[in-house]
Amino acid sequence: MIWFVIQGVLDSAIRYSTPLSLAALGGMYTARTGILNFSLEGIMTMGAFMAVWGSYLTGEPWMGVLFGIVGGLSMGLVLGVCAISGGVNQVVAGTGVNILGLGLASFLNNIVYGGVTPTKVASFEKIAIPLLSKIPVIGPMLFDKKILTFLLYGIVLVSWFVIYKTPFGLKMRAIGDNPAAADSLGINVNRMRYIAVVISGILGGLAGAALSIGELSTYLDNMVAGRGYLAWGAVTVGQWNPVGVMLTGLLFGLGEAVQMRMQAAGSILPYQFLVMLPYVLTILVMNGFIGKTEAPHSMGKPFLKGGEKF
């Protein structure tokens, strides 16, 4: 009985962590080039809304995913224009994108549906990988999931290879540590930062889609509910490493799974305290590990060539 409960909690943790980990991987790319990406909340929100809209219009969840990516990418480009081309303080720019994303999604939600959001649109079903899903204990948890979770596994592997085994990844890491030195070697720093922002927007939009049509099959105002900030925490705790970022996302997903299970079991604690659990866990983990991590040295600093001014 106890093992059945534990297995159920771990299974839920993987499911809950999928949107968060996808967004965090996007934040990792921007962080590697020195961009402090506080806009993940707004990116995920627009991705979540657009995914439901696309699925509603076409009846195809993959079109919903495409719409979600477009929504996330649009918010990411707003951050890029403000923080890279405009030299705006990156915390301020990210906060502005979050406010824009939340407000725009709510506005469009009322305009498109006339205040009556569809309660269910076309979404994804679980897929059991032959043989692998039959492995005792871990098979059902890892290999009997929706397609976007499997996509997360692939993105983590590809991201690790790109960051550590390709010239592109080497350029990103060089820009993050010393953009002036990278520029002296002929690397276009701001172009690479824009590429990172585009990747972050795509993954953040995918994360929003994983939350809306991947989990709930509908859109609700403020449904992201701080997961974008948790995602940035996962980037930091995961030490800007794709595998570390995913594992940290899984830890935060575990916190959400535990609080949901405690609510279902009728905990004597007020549900507001249980809802706080993932966020409290984030604070505790960051306080435990933040001093042991070293961020890219150019984090949060706009890049200017000699003599340039914003």
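1. Over the ring of which residue does the charged end of R15 sit? The ring is that of Y16, and the charged end of R15 lies 4.7 Å from its centre. The model is a predicted one, and the remarks below should be read accordingly.

2. Overall composition. The protein chain comprises 13 helices and two strands. Of its 310 residues, 48% count as buried. Among contacts in the chain between residues at least 6 apart in sequence, 77% join residues at least 24 apart.

3. Aromatic pairs. Eight aromatic pairs are present in the structure. One of them is formed by F49 and W53, whose ring centres are 5.9 Å apart, with 35° between the planes; this pair is tilted. Both F49 and W53 belong to helix α2, which spans residues 40-58. They are four residues apart, about one turn of the helix.

4. Are F49 and W53 buried or partly exposed? F49 has a relative accessibility of 0%, and therefore counts as buried, the cut-off being under 20%. W53 counts as partly exposed because its relative accessibility is 23%, a value that falls between the limits of 20% and 50%.

5. A second pair. The rings of W160 and Y164 have centres 6.0 Å apart and planes at 45°, so this pair is also tilted. W160 is partly exposed at 35% relative accessible area, and Y164 is partly exposed at 27%.

6. An aromatic cluster. The residues F49 and W53 also take part in one aromatic cluster, together with F67 and Y219.

7. Surroundings of S159. Helix α6 also contains S159. With a relative accessibility of 2%, S159 counts as buried, because the value is under 20%. The side chain of S159 is joined to that of Y29 by a polar contact of 2.8 Å. Which residues does S159 contact once its neighbours within four places in sequence are left aside? They are M28, Y29 and P242.

8. Position of G103. The residue G103 is placed in helix α4, residues 90-113. G103 is partly exposed, since its relative accessibility is 38%. The C-alpha atoms of G103 and T45 are separated by 9.6 Å, although the two residues are 58 residues apart along the chain.

9. The largest pocket. About how much space lies in the largest pocket? The volume is about 420 Å³. Its lining consists of 19 residues, of which L211, M223, R227, E256 and M260 are the closest to the pocket centre. The elements that give two or more residues to the lining are α1 (2-32), α9 (189-216), α10 (227-237), α11 (242-264) and α13 (277-289).

Terms used:
Residues numbered from 1 in each chain as written. Predicted model: local features only at pLDDT ≥ 70, side-chain atom pairs only at ≥ 80, totals over all residues. Heavy atoms only, no water. Phe/Tyr/Trp six-rings, centres within 6.5 Å; stacked < 30°, edge-to-face > 60°. Buried < 20%, exposed > 50% of the residue type's maximum accessible area, 1.4 Å probe, protein only. Lys NZ or Arg CZ within 6 Å of the ring centre and 35° of its normal. Polar contact = N/O pair within 3.5 Å; in protein donor to acceptor, adjacent residues only side chain to side chain. Contact = heavy atoms within 4.5 Å. 1 Å grid on protein atoms, 1.4 Å probe; cavity = no way out; pocket = protein on both sides within 12 Å on 5 of 7 lines; lining within 4 Å. Points joined across faces, edges and corners; volume = space filled by probe spheres on them.
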